Amino acid sequence: MDVFSSKIIKWYQVNGRNLPWRETADPYKIWISEIILQQTRVAQGYEYYRRFIARFPDVEALAAAEEVEVMSLWQGLGYYSRARNLHQAAKQVVAQGMFPVTYDTVKSLKGVGDYTAAAICSFAYGLPCAVVDGNVYRVLSRWLGVDTPIDTAAGKKEFAALADQLLDKEQPAMYNQAIMDFGAMVCTPSLPRCEHCPLADSCVALSRKQVNDLPCKARKTKVTDRYFHYLYIHTDTHLELCKRGEGDIWQSLYEFPLVETEGPCEPDDLLSLPSCKLLLDKYEVLQISLMEKERKHILSHRRVFASCYDIKVKHLDNESDRFQGIAYGELNKFPVSNLVSHFFSLILKRNHKINAYVIK
């Protein structure tokens with residue numbers, strides 16, 4: 001086991017990535033980086049981290065911010081519950097008077113699980129806490145030839161124990177960074193660089209030709225199709241936006257008024273739906289055209305097929321509690337999903353010059 005950790009660390013000392021959150025022991029900055037890098041590639045997360053720390057240099061600044069600003073800075077990263085949890089956890093820390101310093105107290109923060117708590121404690125405080133993320137699962141399952149499914153309680157328990165056994169407790173931060181970089185750069189999910197691997201001579205999966213079979217999962221993710229029909233309701237100067245509620249994707253983000261159907265829906269059929277009629281009855285509609293039909297947007301557990309309708313009206317609904325009339329110049333103040341951002345860009349670029357299919 002000592003051979004494993006020493007080889008991993010030796011590789012890391014030569015090949016490890018130079019990243020700004022590795023140049024500090026500030027638990028706040030390490031926490032921010034770890035939350036950003038959940039479900040996010042380092043190349044994408046790097047600039048988000050820079051911007052986030054520039055705007056919120058400490059936990060007090062983050063706690064004092066408005067949620068809409070936090071969400072706006074997060075826009076494009078996806079998994080927006082991470083941003084909401086960060087904001088709530090920052091308020092927890094400020095209320096406590098200091099950033100927590102033990103594994104259990106760090107884990108008590110909103111949105112912080114086993115992995116993030118171990119990362120913060122090892123990187124900021126040098127505590128002997130082993131991290132277990134996707135990279136670690138992959139490296140350990142292949143090197144040891146473990147085929148226990150990683151998405152089961154038994155698998156998580158087994159790999160946590162293995163990670164703890166292999167951890168270099170004299171230099172836990174170095175070891176944890178090393179194994180994560182090793183998984184990201186050498187023992188990759190596809191096309192692993194086995195010919196350049198310092199562990200090739202002792203890798204069980206390589207000797208058994210099972211590299212592409214490990215790690216194992218017991219369940220296949222079920223993907224649900226959803227059909228969104230956005231109504232871009234606007235005058236020459238303003239448009240309607242609304243904020244998504246709780247309990248669904250993109251909570252607290254903004255979007256156009258929306259009609260969702262159980263399956264694909266042609267324009268004429270959509271406009272005849274009672275829900276669509278009820279929404280549009282509030283307006284004096286001047287023209288309706290289809291701006292884009294069934295744009296496909298992939299999420300981890302869903303495929304969203306989104307259409308967007310250009311609906312020009314004489315006046316906006318100024319009495320609605322659901323909708324807000326927004327000037328075009330203010331759109332950048334509202335956090336939106338990548339999907340709605342795409343429609344925003346179409347609107348701002350075209351200035352109503354897009355070749356639209358006009359519905360008779």
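The largest cavity in this predicted model has a volume of about 130 Å³, and of the 15 residues that line this cavity, those closest to its centre are Phe-182, Cys-187, Cys-194, Cys-197 and Cys-203. A cavity here is a set of points, on a 1 Å grid over the protein atoms alone, where a 1.4 Å probe fits but cannot get out, and a lining residue has an atom within 4 Å of a point. Grid points are joined across faces, edges and corners, and a volume is the space filled by probe spheres set on the points. By class, the lining of the largest cavity has 13 nonpolar, no polar and two charged residues, where Ala, Val, Leu, Ile, Met, Phe, Trp, Tyr, Cys and Pro count as nonpolar, Asp, Glu, Lys and Arg as charged, and the others, Gly among them, as polar. Helix H9 gives the most to this lining, with three residues.

Residues are numbered from 1 along each chain as its sequence is written. Because the model is predicted, local features need pLDDT of at least 70 and side-chain atom pairs count only at pLDDT 80 or more, while totals for chains, interfaces and linings use all residues; side-chain values use heavy atoms, with hydrogens and water left out.

The chain as a whole has 15 helices and eight strands, which are DSSP runs numbered from the N terminus (helices H or I, at least four residues; strands E, at least two). Of its 360 residues, 49% count as buried, a word that stands for under 20% relative accessible area, whereas exposed stands for over 50% and partly exposed for what lies in between (1.4 Å probe, protein chains only).

Open spaces can be followed in a similar way. A pocket is an open set of points with protein on both sides within 12 Å along at least five of seven lines. The largest pocket holds about 1,500 Å³ of space, and of the 48 residues that line this pocket, Gln-38, Tyr-115, Val-132, Asp-133 and Gly-134 are the closest to its centre. Among the elements that give two or more residues to its lining are H2, H6 and helix H8 (114–125), and the lining residues divide into 23 nonpolar, ten polar and 15 charged. The second largest pocket has a volume of about 420 Å³, and the elements that give two or more residues to its lining are H6 and strand S5 (285–298).

Helix H8 also contains Thr-116, which counts as buried because its relative accessibility is 2%. Leaving aside neighbours within four places in sequence, Thr-116 is in contact (heavy atoms within 4.5 Å) with Trp-31, Glu-34, Ile-35 and Gln-38.

In H3, Val-42, Gly-45, Tyr-48, Tyr-49, Phe-52 and Ile-53 are buried. They cover an arc of only 125° around the axis, which puts them on the same side of H3, the arc being that of the directions from the helix axis to the C-beta atoms. On the other side of H3, Ala-43 and Ala-54 are exposed, while the buried residues pack against helices H2 (27–37), H4 (59–64), H5 (67–74) and H6 (81–96).
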